[in-house]
Structure formats: C-alpha cells, structure tokens
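Colleague: Before I use this model, I would like to hear how its labels were reached. Show it to me and we can go through them.

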Amino acid sequence: MQLNLSTFILEIINFLVLIWVLQRIFYKPIKAVIEKRKGIIQHSLDETNKLHEEAVALKSQYENRLSDWQKEKNEKCAKLRQEMVEERAKSLENLQSVIFKEKEKNKAQEARKLQSLIQKAEKQAEIKAAKFASKLLEQFATSDIEAEIVQLFLDQFAVSHDDKIALIKAELSEDKQNSVNITSAFALDNSQQEAVSSLFMRIFGDKITFNFSQDVNLLAGLYVTIGSVIIRANLRDELRFFSEMPFHD
Amino acid sequence: MEPVGTLGHLVLHVGPVQLTGVILTTWIIMLALMLFAFFTRNLKLIGGSCQTILESAIIAAQNTIEAVLPRHAELVFPFITTLWVFILISNLSGLIPGVDSPTSDLSVSSGLAVLVFLSVHWFGIKSQGLKKYLYHYIKPTPIMLPFHIISEISRTLALAVRLFGNIFSLQLVAFFVLMIAGFLVPVPLLMLHIVEAIIQAYIFGMLALIYIAGGIQYQELKIEKEEGEKL
C-alpha cells in the first residue's frame with residue numbers, strides 16, 4: 001500500500017481527460033438524442049392535446065347542435081301534428097259535405113228514378129187498363145151502341161165542333177165535287193146514312209159525294225175523313241184517347 | 001503489499017515519470033471506453049436494444065443526480081457519471097485474469113478522492129463565488145473552521161481508503177481462495193466481486209455527489225433564507 005506520486009498525478013490527469021472526452025463523444029450525443037425524442041414526443045403530445053381540445057370543442061358543438069336539432073324537431077313535429085289535425089278536420093268536413101251533397105244528389109236521382117218508374121208503371125197500367133177497357137167494351141160494342149153514337153154525333157156535331165167545321169169548309173173546294181169517306185163498325189142502315197148525309201150537306205153544301213164503308217176495328221161509331229180533316233166518333237179512338245191521356249192525381 | 005496481477009508489476013520509466021501497470025490498465029480502460037463511445041455515435045431516434053440500454057443508464061444517472069441536486073444537475077453530470085462509469089469498469093477489470101483493478105491501488109483511489117475534494121470546492125465557488133463559498137467555513141462560528149477543515153480532509157481520506165480497501169481486499173481474498181481451494185471454488189467470490197464493484201462505484205459516486213451538493217446547496221439555502229427575510 002504505497003502512494004506513487006506519478007500514478008497519483010497521472011490518474012488525476014487521465015480522469016480529467018476521460019471526463020472531457022466522454023462529455024463530448026458519449027454524453028452529449030446520447031442526451032441530444034434523448035432531448036430530440038422528448039421534443040418529438042412533447043410535440044406529439046401537444047398535437048394530441050390540441051386535437052383532443054378540438055375534439056372536445058367539436059363534441060360540445062355537435063352536442064349543442066344536436067340539442068338544437070332535437071328541439072327544432074320536437075317543435076316541427078308538434079306543428080306538423082297540429083297541422084295534420086287541422087287538415088284532417090278540414091278534410092273530414094269537406095268529405096262530409098261531399099257525402100251530404102252526393103247523398104242529396106242520389107236521393108234526387110232515386111226520386112227521379114222512382115218517379116219515372118211510377119210514371120212508366122202508370123203508363124203501363126193505363127195501357128193495360130185501356131186494353132182491358134177495350135176488351136171489355138168489345139163485349140158491349142153492338143149496333144145499338146153504334147146507333148147511339150151516330151145519334152150523339154148527329155146531335156152534337158153542328159153545335160159543338162165549330163173549329164172543325166171551319167177547317168172542313170176551308171178544305172172543301174167549291175168548284176168541284178168533294179167526297180166524304182164515312183167508315184162505321186157496323187153497316188149503317190139507310191136512315192142513318194141519310195141522316196149523316198143530310199147533316200153534312202146542310203153544313204157544307206150539296207156538292208158532296210158520300211162513300212160508306214165498314215171497319216170492325218172501330219168497335220162502334222164513325223170514322224169520317226174529309227180531305228185532310230178526320231172526325232173520330234167511335235169507341236176505338238175514344239179508348240185510345242183515354243189511354244194516351246196523361247194521368248193526374 | 002504488492003499488486004497481485006501481472007500488469008501490476010510492470011514499471012516503465014519515461015524521464016521522471018513512472019508508468020506503472022495501473023496507469024497502463026487505466027489507459028486501456030479509457031481507450032476501451034472511448035472506442036465504445038466512438039462506435040455508439042450513430043444514434044437513432046428509434047434505436048435498438050443496445051441504444052435503449054445506454055439511454056436508460058444515462059437517464060437513470062441523470063435522474064439520480066437531479067434527485068439530489070435539481071438545479072445543477074447539468075453542471076455535475078459529466079463528473080459524477082464519469083466517476084460511476086470509470087470506477088465500475090475499473091472494479092470489474094479485476095475479474096480479468098492477470099489484470100489488477102486500478103481502484104485497488106491507493107494512488108488511483110486517492111487521485112479520485114482528491115478530484116472529488118477539489119470538485120466540491122470548484123463547483124461551490126463556481127456557483128456562488130470564492131468569498132461566499134469560503135464564508136460558510138466560519139459559520140455558525142469561526143470556532144468551527146478547524147472542524148470543517150478536518151471534516152473535509154477526513155471524508156476525502158475516507159473516500160480514498162474505502163474504495164481502495166474494499167477492492168484490494170476483494171482481490172486479495174479471491175487470490176488466496178484461488179491459491180488454496182482450486183479452480184472452481186472462487187466462482188461465488190467472483191460473483192461477489194461483481195456486486196461489490198457495482199456497490200462501491202455507486203457509493204463513491206453518490207458520496208461525491210452529496211459532498212458537491214452540500215457545497216452548492218449550503219450557499220443556495222443561505223441565499224434563499226436571506227431573500228425570505230428581505231421579503
């Protein structure tokens with residue numbers, strides 16, 4: 001255990017040199033790398049924190065926006081519901097009005113249809129009634145009835161048929177002989193032919209020739225044609241007249 | 001007692017300077033450290049496992065220094081870290097057959113202890129100035145001056161002898177056991193050598209750090225107290 005002065009001094013110098021060398025080629029580069037890495041990590045952390053803060057701000061903003069949207073949505077939903085209720089009430093009212101009008105229209109149509117059916121039925125009933133009456137009267141259409149009708153014609157023609165008389169007079173030509181066609185259901189006897197002839201000659205003058213014929217379809221009575229004028233005094237035409245006459249309550 | 005290794009016996013004379021085997025061993029260690037440092041120049045941001053170990057060691061050293069001396073960690077970092085590295089490698093070099101640990105030489109451990117002694121004053125004066133630094137030797141009373149001086153000398157002496165004694169005795173015991181018991185018996189003792197090498201390097205560095213911190217922080221505490229009184 002000796003203290004060597006040369007070793008002592010050289011050791012001090014060696015150590016100081018070692019400190020100097022290691023400081024430059026060992027500690028500094030390693031520290032620089034560590035610091036650089038720390039800087040990068042710190043930069044990344046700062047960036048991350050910044051991004052985090054931005055994300056938090058955006059999250060907050062989006063939450064606020066979502067809240068606003070939710071509020072707006074609720075308001076619009078309530079408004080829409082109100083509008084729907086109003087629109088439904090309005091539509092319902094319109095529909096009820098249309099249905100009411102349609103009902104009224106249908107009712108009127110039904111009434112018209114019913115009226116038409118009633119009229120048709122009445123018409124058919126009248127026709128049937130006329131046919132029935134015609135059939136019934138055929139049984140009673142005898143020469144006596146015809147004689148009665150001829151007598152009634154002779155009594156009333158000159159009195160109550162002025163309009164027809166005027167027409168016939170206008171129809172008749174004074175210069176030439178006019179013909180009068182008289183058709184009866186039963187053959188007229190001479191007295192009846194003479195009575196009818198004298199009636200016409202008395203009213204229209206003596207330039208008239210008479211043609212007597214028979215048509216059983218007349219049932220009973222006369223069918224007279226003078227020019228374009230027709231005089232119906234028979235049961236067939238009377239029944240037809242009644243059947244075609246409008247029905248009144 | 002003579003060194004037990006082969007290089008320990010070597011003595012070269014260069015003029016008035018004696019180059020002992022310990023100095024040669026120290027140079028070899030220095031050269032190895034410099035080469036190692038030179039080949040680790042190409043550091044990358046994302047390094048491999050070797051770089052990670054190196055960085056972890058440097059960060060651990062820095063954290064330890066900052067824990068004791070937070071404001072002047074950068075100032076004392078090279079000195080304290082080099083002490084740890086050099087003493088550790090020197091202690092472990094004794095495991096190589098034929099090589100003596102430089103720290104098992106009293107001249108080396110004394111040189112390192114004297115460096116610590118000087119560095120305490122150097123950092124103290126550098127941080128607060130010569131006058132203020134020397135002022136603390138007469139505080140709280142000038143009577144304490146001799147005790148402060150004795151304390152400075154004794155702790156430096158203790159540093160030197162502690163390191164020398166531990167490493168030298170360890171080598172001597174390993175040598176005797178190897179001589180007496182044979183080839184494989186000293187293996188546990190060699191394991192103990194590794195542990196002891198690490199512990200002694202750590203103790204020497206930490207004591208140096210605490211001494212330096214004591215010199216610097218005494219001044220800082222005083223200033224802080226004065227500033228507090230002014231406020």
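Modeller: This is a predicted model. Start with the pairing in E2 of chain A: there, Ser184(A) has Gln214(A) as its bridge partner.

Colleague: What makes E1(A) and E2(A) a pair of strands?

Modeller: Pairing needs at least two bridges between the strands. Strand E1 (residues 178–184) of chain A and E2(A) are joined by seven bridges, so they count as paired. The two run parallel.

Colleague: Through which helix does the chain cross from E1(A) to E2(A), and what is the handedness of the crossover?

Modeller: The path goes through helix H4 (residues 190–204) of chain A, and this β-α-β crossover is right-handed.

Colleague: Why is E2(A) said to lie largely in the open?

Modeller: A buried residue has 20 or more other C-beta atoms within 10 Å of its own. Strand E2 (residues 208–214) of chain A has seven residues and the number buried is zero, so the strand lies largely in the open.

Colleague: Turn to chain B. How do you know that the span of H1(B) agrees with its number of residues?

Modeller: H1(B) has 19 residues, which at 1.5 Å a residue should span 27 Å; the end C-alpha atoms are 27 Å apart, so the two values agree.

Colleague: Which residues of H1(B) are buried, and what covers them?

Modeller: Gly21(B), Val22(B), Ile23(B), Thr25(B), Thr26(B) and Ile29(B) are buried. Their cover includes helix H1 (5–140) of chain A, along with E2, H3 and H4 of chain B.

Colleague: How many residues does each chain give to the contact?

Modeller: Chain B gives 33 residues and chain A gives 27. On the chain B side, 22 are nonpolar, eight polar and three charged.

Methods:
Residues numbered from 1 in each chain as written. Chains lettered and ligands numbered in written order. Predicted model: local features only at pLDDT ≥ 70, side-chain atom pairs only at ≥ 80, totals over all residues. Contact = placed C-beta atoms within 7 Å. Nonpolar A, V, L, I, M, F, W, Y, C, P; charged D, E, K, R; others polar. Buried ≥ 20, exposed ≤ 12 C-beta atoms within 10 Å, placed from the backbone. Helix = DSSP H or I, 4+ residues; strand = E, 2+ residues; numbered from the N terminus. Right-handed = clockwise from strand over helix to strand, strands pointing away. Expected span 1.5 Å × (residues − 1).
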